[in-house]
Amino acid sequence: MDVFDIALDVIDLRSFSNLWYWIALAVLWSSVSHWVLGVPHDMVQRARREGGQALADVEDLVRINVGRLLTLVDGGALIMVGIAGFWLSTLAVLAFYYDVEFAKAVFLLVAPLVVVLWASVVECRRIVGGANRGEALLRRLTVHRRLVQVIGIFSIAVTAFYGTWLNISVSILN
C-alpha cells in the first residue's frame, strides 16, 4: 500500500456518503445567505431597527462591496466567464459522462454559486442605479437575501435527493 492509497482512504472520495460533505454544504449555504453582498444580515436588521449610524454603516459596506464586485466584473467579465465556463463544463463532463462521484459533489456545490453570483451582479447594478440609500437599500438587500435562500434551498434539495439516490443505487459490493 503506497501513500496515494492511504490518502484516498483517509479523504474518502465517496462524497455523498460522507458526513463532512453535508456539513460543508450546510455551512456554505448558511454563510452565503447570511453575508449578502458582503453585508451580514444582522447589520441589516439593526439598521432597520435603529437607523442612524447603523444605517450609515450598512450603506458604506454596500457602497464598498458593490464597487468592488462591479469593478471586478466590468474589468474582467469575459475572462471570468470563460474560466468559469471551462471549469464548470469540465466538472460536468467528469461528473455525468465519466461518472466521477467527487466531481458530481463539487459540481452540485459550485454550480448554484454561479447563479448566486449572477444574481448578485444584477442586484449591484440595481443598487448603483438608484436604490442605494435608506429603506430602499435595506429592502433590496432583504429581497436579494431571500432570492439567495431560495436558490440555496433548491440546491440543497437537489443535492440531497441526488446524493440519496446515488447512495441507494450504488452496491456495497462494488
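A nonpolar core, as the term is used here, is a set of buried Ala, Val, Leu, Ile, Met, Phe, Trp, Tyr and Cys residues joined through side-chain atoms within 4.5 Å. With that in hand, welcome to a quick tour of this predicted model. The largest nonpolar core has 20 residues, and a second, separate core has 11.

**Nonpolar cores**
- Within the largest core, Val58, Val62 and Leu141 are the residues that touch the most other members.
- At least two residues of this core come from each of α3 (41-50), α4 (52-97), α5 (101-129) and α6 (134-169), and α4 gives the largest share, with eight residues.
- Leaving aside residues up to four places away in sequence, leucine 141 touches Val36, Leu37, Val44, Val58 and Val62.
- Among the 11 residues of the second, separate core are Ala105, Leu109, Ile151 and Leu166.

**α4 with α6**
- The axes of these two helices come within 14 Å and cross at roughly 25°.
- Angles under 35 degrees count as roughly parallel, so α4 and α6 are roughly parallel to each other.
- The crossing in which α4 passes α6 is left-handed.
- On the α4 side, the residues that meet α6 are Leu55, Val58, Glu59, Val62 and Phe96; their counterparts in α6 are Gly134, Leu137, Leu138, Leu141 and Tyr162.

**α2 with α5**
- Here the axes lie 11 Å apart, and the helices pack at an angle of about 5°.
- That angle makes α2 roughly parallel to α5.
- Tyr21, Leu25, Leu28, Trp29 and Val32 in α2 meet a set in α5 made up of Ala105, Leu108, Leu109, Pro112, Leu113 and Val116.

**Loop residues worth a look**
- Most residues other than glycine have a negative phi.
- Leucine 37, although not a glycine, has a positive phi of about 55°.
- You will find leucine 37 in the loop between β1 (35-36) and β2 (39-40), and its relative accessible area of 10% makes it buried.
- Aspartate 99 is not a glycine either, yet has a positive phi of about 60°.
- Aspartate 99 sits in the loop between α4 and α5 and counts as exposed, at 54% relative accessibility.
- Asparagine 18, in the loop between α1 (3-11) and α2 (19-34), is buried, with a relative accessible area of 17%.
- A polar atom of the asparagine 18 side chain lies 3.1 Å from the backbone nitrogen of tryptophan 20.

Methods. Residues are numbered from 1 along each chain as its sequence is written. This is a predicted model: local features need pLDDT of at least 70, side-chain atom pairs count only at pLDDT 80 or more; totals for chains, interfaces and linings use all residues. Side-chain values use heavy atoms; hydrogens and water are left out. Helices (H or I, at least four residues) and strands (E, at least two) are DSSP runs, numbered from the N terminus. Buried means under 20% relative accessible area, exposed over 50%, partly exposed in between (1.4 Å probe, protein chains only). A polar contact is a pair of N or O atoms within 3.5 Å; within protein, one must be able to donate a hydrogen and the other to accept it, and residues adjacent in sequence count only if both atoms are side-chain atoms. Contact means heavy atoms within 4.5 Å. Axes are lines fitted to C-alpha atoms, for helices over the stretch in contact, and angles run from 0 to 180 degrees between N-to-C directions. Angles under 35 degrees count as roughly parallel, over 145 as roughly antiparallel, 65 to 115 as roughly perpendicular and the rest as oblique. A crossing is left-handed if the near helix is turned anticlockwise from the far one by less than a right angle, and right-handed if clockwise.
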